[in-house]
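User: Please take me through the strand pairing and the aromatic rings here. Keep it short.

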Amino acid sequence: MDVLSDVIAVMRTGRPVVARVAWEAPWAQRFAPVPGASGFQVVLEGTCWLLRDDADPVELRAGDVVFLPDGRGHVLADSPTTPVTARACDPNDPDFAADHPVPANPTTVTLCGAYEVEHGVHPLLRDLPDTVLVSGPEPRAAVALLAGELERPHLGSDALVPALLDTLLVYLLRTWFTGSDRPTGWAAALTDPVTATALRHLHRDPAHPWTVAELAAASGLSRAPFAKRFTALVGQPPLTYLTWWRMTTAARLLRDTDAPLATIARRVGYTSEFAFGAAFKRAHGTAPGRFRRSK
């Protein structure tokens, strides 16, 4: 079981959006915060500056990808000293690209967009810094394909663009996690062999009646050191995480499938639909059936 893929599938909702925009100097555009989404900016050509209220300006070059896990507002500009346009734009706005016609002499070309996410559903986003800057062969490869589909749409582009955006998300998170010199939080949990082994078991078979001793043995440690290590890196004791993951998985199944409640209960480790309903209500504050009807 690929834990990172599993986590992304749970936290992503809706369809990602993206727009290709060309800029002509001088320019400085404010991007509004996007609640309930994680934003991104990709520099295709030229250079620009990322400006945030609480940080120093950062120069971006072609191939750089900026990921903003909490969808925070920011500014892109050709120079830190260029006056910022008064109107903040939103990449979720369907008219965003139309509002930015291609200039005669573009100096910078970017891709801007957002992923709809449930920020409270997984600690992966919480443990990331406010701004993630990555560059590397894998993100660049996804960006090149994505830019080509946006610039020259063909048959199937409507299917390819969301898939390529998901690919870019996986690449940028994987690049960040594996490239961190001193990983913390989920970056450490996914790269630590002991914790990663336990997480793979829990994600592969959440219905199994796992015990801490069984997980410890599968991970190659005795019970007490394993429990301490897992809790320190993941932020929850092993069986607390198991319950949380079961309820998170159940919520996804209720939202995305028509499977009967009894079937979902069995898939997440409950032989009784009543016991499953009580556990789900404790976790989500509402009964499974009502949760499904609200989505």
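Analyst: Strand S4 (residues 47-52) and strand S7 (residues 74-77) run antiparallel and are joined by three bridges. Strands are DSSP runs of E, at least two residues, and helices are runs of H or I, at least four, numbered from the N terminus. This is a predicted model: local features need pLDDT of at least 70, side-chain atom pairs 80 or more, while totals for chains, interfaces and linings use all residues. Residues are numbered from 1 along each chain as its sequence is written, and side-chain values use heavy atoms, without hydrogens and water.

User: Which residue in S7 is the bridge partner of leucine 51?

Analyst: Two strands pair if DSSP finds at least two bridges between them. In S7, leucine 51 has as its bridge partner valine 75.

User: What is the strand order of the open sheet of four strands?

Analyst: Its edge strands, S2 (28-31) and S5 (55-61), each pair on one side only. The pairing is antiparallel, and the order is S2-S7-S4-S5.

User: Why is the pair of phenylalanine 40 and tyrosine 115 tilted?

Analyst: Rings of Phe, Tyr and Trp (its six-membered ring) pair if their centres lie within 6.5 Å; planes under 30 degrees apart are stacked, over 60 edge-to-face, the rest tilted. These ring centres are 5.2 Å apart, and the planes stand at 40°, so the pair is tilted.

User: Is tyrosine 241 buried or exposed?

Analyst: Buried means under 20% relative accessible area, exposed over 50%, partly exposed in between (1.4 Å probe, protein chains only). Tyrosine 241 has 1% relative accessibility, so this residue counts as buried.
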